[in-house]
Amino acid sequence: MRLDGQKLRTLMEERSLTQAELGTRASLARPTIGRLLQNASTQIHANTERKLSQALGLPIGSLDADNLSTQYLSAVARAHEALDLTGLGLIQDREPIPMDLAYAPLSVRRRLMGGNCEPRAHDRSIQMRAEQTAMPLSRALELSKSIFLLGPPGSGKTTSLRHIARAYAQGRQEELLYPKSQLVPVVVRLASLAEHLQIDKRADLFAVAISELELHDSEPTVAWLHACASSGNVLFLLDGLDEVPDPDQQALVLECLRPILRKYKEACAVITSREVGFDFPNLRPHFDVYLVEPLTRSVIEKFIGTWQASRHHHPPSRKCKSCEQDGNRLQHAIFENSQISALAGNPMILTILCLLHEAGAALPQRRCELYEKISETFLFCWEEKKRKAGAAASDRALTLENREVLWALESLALHMQENDITLFPRFLLLQYFNTFLRDELGLEADDARLAADTLTWSLQARSGLLRELGPERYGFSHRAFQEYFAARAILAHPDPLDRLRPYLYHPGWHEVVRLVAAQLDRRRAPQLIRMLLDDPDPTGRFLNRGLLLALECLADGAPIHEKELLDELHIRTIDLGKTKWLGLPLSAIGSLLELETTRLRAFASETLDQLLEVARQYSEPEQADLLEFAVNSTASANPPSDAAIGSRTIGALVQCLHEDESADERGSAAALLGAHAASGTKVREELIRALTKEMEPDVRGSIAWALRSVAHRRDVKEALFAGFKSDHDQSVRETCAVALATAARHDRVIQGEFVSVLSSRNNGSCKAGAARGLQLCVEDDEELQQLLWSRLEDAKEEELVRIACLWALEEVLASRSHGLNGVAALITQPENTLLVRVAAQILARLARAGKAEWTRLPIEKIEQVLISIEDPCPHEFDALCSLIDGRERRKFVLAREKRIENALSEFDARLEVVFIFGSAAKLEQDRESDLDLMVIGDVSLRDLTPALKRLELELGRQMNAVIYSKEEWSSRLKERNPFALNVWNGEKIFVKGGQHELAAVAR
């Protein structure tokens, strides 16, 4: 066998092992170790590899370079061995910072909202309080098998996935405090997956993951990964759901992920996204939503210390006066100003602050100023340093002025932002810059071509603002930079407010609006805020989306000093305390807390206090308490350590569960212990014991619900099933059934009992629980679908049971004939019953996920039903927000055929038939394929060339137009021209006309 020498060297460095120490541990001579380290691979005996693997604490075979798993895991580890500083101004030939040294560990909180409405609604306050404790991300991975990780731009989501992937690839997960299970990491950029799915809807997720690695023979590795996933030994790390902005593309991605995550139900999964515009997709049960917290001061200080040590090429533990002085200066600059220290809680911004400090630049106080510094320092200062050092190749020197480079970047960013593009083929990127430099800056054709090539190289190789994110596919290194330069382009417009107006409420433009607001002058900024407050959409006004975005603009530094406008914002914000839609005041609280670090701190503090006062006066006590709890918990600077949620706390909770006199306290203890059920046998045993001995039904229900995440374990399954069959309280039996949903999928006995109860003539919540318990068994069981559907349509059936059947059928509604129509008919009923509310919520979710065509749904009626709810739950708020976000996105989404039609509209009277043919029509095109377009009419290629060039930039593909007159097309067919016959008989996607018109011109 061959020893992987590079991996052996890396492992020794990570563990700080000398050759002598490793030789002693492995019972090998030191010279032998030295010889093994000299080559990338060396033939050794299997026994030697076994000794080395055991000495390093690795599974046997881990160092075998010919082992399939070794090759894959080594490739993953190499791909994530350093912090990704591309695009942050780091010159490419500088030594990278190792991931293990400088990674800033994240803290997270569970999100208050997400998922379906569950039967234990009276436990909502307990659950929310239990879930709002900040914790390390590593702890969240231990508690939750499936996670949506949400955070603002640059909050460290991608870097965290890379750190996790490297830890598991190297077998160091336990050392780095991640769950100790032996899992194989599978990292996928979802934007890349979307690209593959556009080419082939059957694209394999594992093949996409491998395409990003340095592996030559991928087919055996794909098969091996599928086998690992079948055993539950895979950790899916799926990055950037928000980077697939197009609703149809996102629907494709979700449709690809859903069967995989449900098929490999034991596999773990983490999916990242921005919070803005996020809609909880129903991928599989028990996905938990976590929000990324800002870095704490201690984490920031440690990061700065590690950064300085890496720059001086020594371990962070080594004493270094120069490091200490530089680090202290940077810490002083950050923490002496509350606005800068607030910015530094974002990992990407903290990294940029370190780079700026290293470059000798003054630290900015606002995000927009920070990005401006990036433009100034990273685009030009690094280039100038390189030129003075004589390191810049003379044939690669930029001949453009600094402002011209910025203009080109701004134009590109705005074009990509308006067309929902995040990736550009290289040839189109060159074409875009070439066209801009020639048409906008007046360069001669040859000069423009050369300057475009140098500009593209410089932005990628020097500043790193553009990156190759796929084979010959380029985009901004971070979407935040695309948004910043798009905002600059908006600001350069003669009327920036008018230019921005169409996109004010588009979820993909949220950051652009904030960045524009922060850079407007004190005359125009109030105009923008008033535009936001004057929302023309009734549902938008109901959701106060303009007010909430205006508060975020203030937090970003929009210069608003008019007392009248601030008073209006103050009054409208405190009025949110009167609403029963909990998500509205919660959103406002986040922005007000950010404002407390600015000069508007008095406005923020007063508004926050009065908001809580109004909530206590007008809202239910539970909601007012939750708002106050959210303020206090969010304002908490440091999350608790693992020790703070360790055995003593669990012990106290167990004691409370069994001995406290208050049923509310026992129920609360059960909810809190539920968060630890997956990580400790002792906790599960205590909850099971309490379930059998507890006298109060409400507390038994809380215990059953707390056990739902571990219902697949035999002891828990048996206890919950016994509760379902024999508990004397109907609501407890219902909760036990819902908690058993994951176990029922593969347990015929439980399925049979649920079907028996559902088929009976009995009423009550127990029957509803049986329906919900079967929701994961529905997809492949036509008889079960029919049973649930019959109960749903039976008007004599109890409403609670009909609602449960509707939830259970959610995943198959779009595929059932008359399924969507039947549910849509429910919401036309005159009374706004609970069944109507649930029907509206499900239709909104299906519409947002792209599983139902909007034209087939009564969208306005769905909105009316949701808006008229008097006691909304958080999930109905999510549904309404996702519906309006989806509608906003669809205002700007044009199908490919429609874009072609619009581009050729000036020639419409001269065109007979236009259609797409070739690989694109057969859905067999790859990333580099041209888009073949047949045009039959009285036009020439010279006529169409300008329009085709614009289409190439818009669609991101090269257009290959074949043009015939009506007579030429007819003549080619009559002559039986092979090409014409091939097109005639092949697949077509018509842009103008159809098969009938094509036949007519052939006569």
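I started at Ser338 and listed its contacts (heavy atoms within 4.5 Å). Leaving aside residues up to four places away in sequence, Ser338 touches Thr597 and Arg601.

I noted the ground rules next. This is a predicted model, where local features need pLDDT of at least 70, side-chain atom pairs count only at pLDDT 80 or more, and totals for chains, interfaces and linings use all residues. Residues are numbered from 1 along each chain as its sequence is written, and side-chain values use heavy atoms, with hydrogens and water left out.

Back to Ser338. I found Ser338 in helix α16, residues 338-343; helices are DSSP runs of H or I, at least four residues, numbered from the N terminus. From Ser338 to Thr598 I counted 260 residues in sequence, yet 7.7 Å in space, C-alpha to C-alpha.

Ser338 has a relative accessible area of 35%, so I logged Ser338 as partly exposed. That class lies between buried (under 20%) and exposed (over 50%), with a 1.4 Å probe and protein chains only.

Glu142 came next. I placed Glu142 in helix α8, residues 137-143. Glu142 counts as partly exposed because its relative accessibility is 31%. Glu142 and Leu177 are 35 residues apart in sequence and 9.5 Å apart in space, C-alpha to C-alpha.

Last, I checked Asp698. Asp698 sits in helix α35, residues 697-706. I read a relative accessible area of 45% for Asp698, so Asp698 is partly exposed.

Definitions and conventions
Helix = DSSP H or I, 4+ residues; strand = E, 2+ residues; numbered from the N terminus.
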